[in-house]
Amino acid sequence: MKPTKTHKCFAGETQFYEHDSDLTKTKMKFAVYKPEKEIRGGLIWLSGLTCNEQNFITKAGAQKILSDLGICLICPDTSPRGLDLAKEHEDYDFGSGAGFYINAETSGYSDHYQMEDYINEEIYTLFNEHINTSKKTSLFGHSMGGHGALTLGLKKPDQYLSLSAFSPITHPTQCQWGEKAFTGYLGDNKDEWKKHDATELIKDGKKHPNPILIDQGLNDEFYPDQLLTEDFEKACQEMGQSLQSSKHKGFDHSYYFISTFVEKHIQFHSEFF
């Protein structure tokens with residue numbers, strides 16, 4: 001962990017770091033908010049397509065409520081950087097900035113795009129060894145990061161105490177974003193795709209012991225076609241997964257939406273610390 005910048009913010013500090021990742025075999029960056037008061041719990045935030053470690057911590061306005069509640073935060077980057085793989089930089093929804101929080105199996109990408117293990121192992125360990133003294137950790141995210149929060153959390157319910165998402169991609173095997181990314185990272189075996197699909201995981205019997213929280217804007221340009229929120233809601237109802245899903249008139253897919261409801265999500269997670 002090499003600190004690169006530190007900013008005093010409310011009763012705490014916003015910090016930026018870089019480190020050498022054994023899993024991605026690249027330098028990776030992450031941002032942190034650490035309150036001054038005793039830490040009660042920690043949140044891992046997973047960002048969406050085109051984002052990096054700076055988007056949430058700069059735009060969401062989360063620091064005040066984190067400081068008040070004694071909750072620390074880590075925001076990792078969304079993909080490896082500094083590579084030049086085939087098609088890696090051609091589109092916003094595949095490759096750089098679009099790691100989808102899965103472990104790639106295709107040629108070239110399998111050597112670096114190990115984002116599921118990167119979050120579950122390297123980021124989780126760094127966070128809990130150096131920042132999150134409470135060792136209580138929950139997971140939340142937006143869009144592609146909402147997909148990551150749901151899938152990683154459903155597969156590791158003992159590791160993450162609670163899960164929430166803003167505008168998540170809930171059924172990626174059935175939308176253009178997911179089909180493109182999964183083909184590029186996993187190949188053509190659609191049975192393998194289902195292991196990284198929140199709706200399919202619920203259908204397969206995966207559950208989290210605590211309620212899942214989702215907020216979705218009804219003016220979201222990607223709703224419902226890419227996000228397929230109702231598919232996840234239906235699966236949760238059929239399989240008995242407790243879900244708190246709310247839809248909001250007038251809100252889009254942006255950080256204006258996230259900043260409006262970020263306190264709600266942090267308060268939600270604080271109940272489990």
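Guide: The side chains of E116 and K155 are joined by a polar contact of 3.1 Å.

Visitor: What makes the pair E116 and K155 a polar contact?

Guide: A polar contact is a pair of N or O atoms within 3.5 Å; within protein, one must be able to donate a hydrogen and the other to accept it, and residues adjacent in sequence count only if both atoms are side-chain atoms. E116 and K155 meet through their side chains at 3.1 Å, so the pair falls within 3.5 Å. This is a predicted model, where local features need pLDDT of at least 70 and side-chain atom pairs count only at pLDDT 80 or more, while totals for chains, interfaces and linings use all residues. Residues are numbered from 1 along each chain as its sequence is written, and side-chain values use heavy atoms, without hydrogens and water.

Visitor: Why is E116 called buried?

Guide: Its relative accessibility is 11%. Buried means under 20% relative accessible area, exposed over 50%, partly exposed in between (1.4 Å probe, protein chains only). Therefore E116 counts as buried. E116 sits in helix α3, residues 115–130; helices are DSSP runs (H or I, at least four residues), numbered from the N terminus.

Visitor: What is the expected span of α9?

Guide: The expected span is 1.5 Å times one less than the number of residues. With 16 residues, α9 is expected to span 22 Å, and reaches 22 Å from first C-alpha to last.

Visitor: Where is the kink in α9 centred?

Guide: On F261, at about 50°. The bend is the angle between axes fitted to the seven residues ending there and the seven starting there. F261 is also among the buried residues of α9.

Notes
Helices (H or I, at least four residues) and strands (E, at least two) are DSSP runs, numbered from the N terminus.
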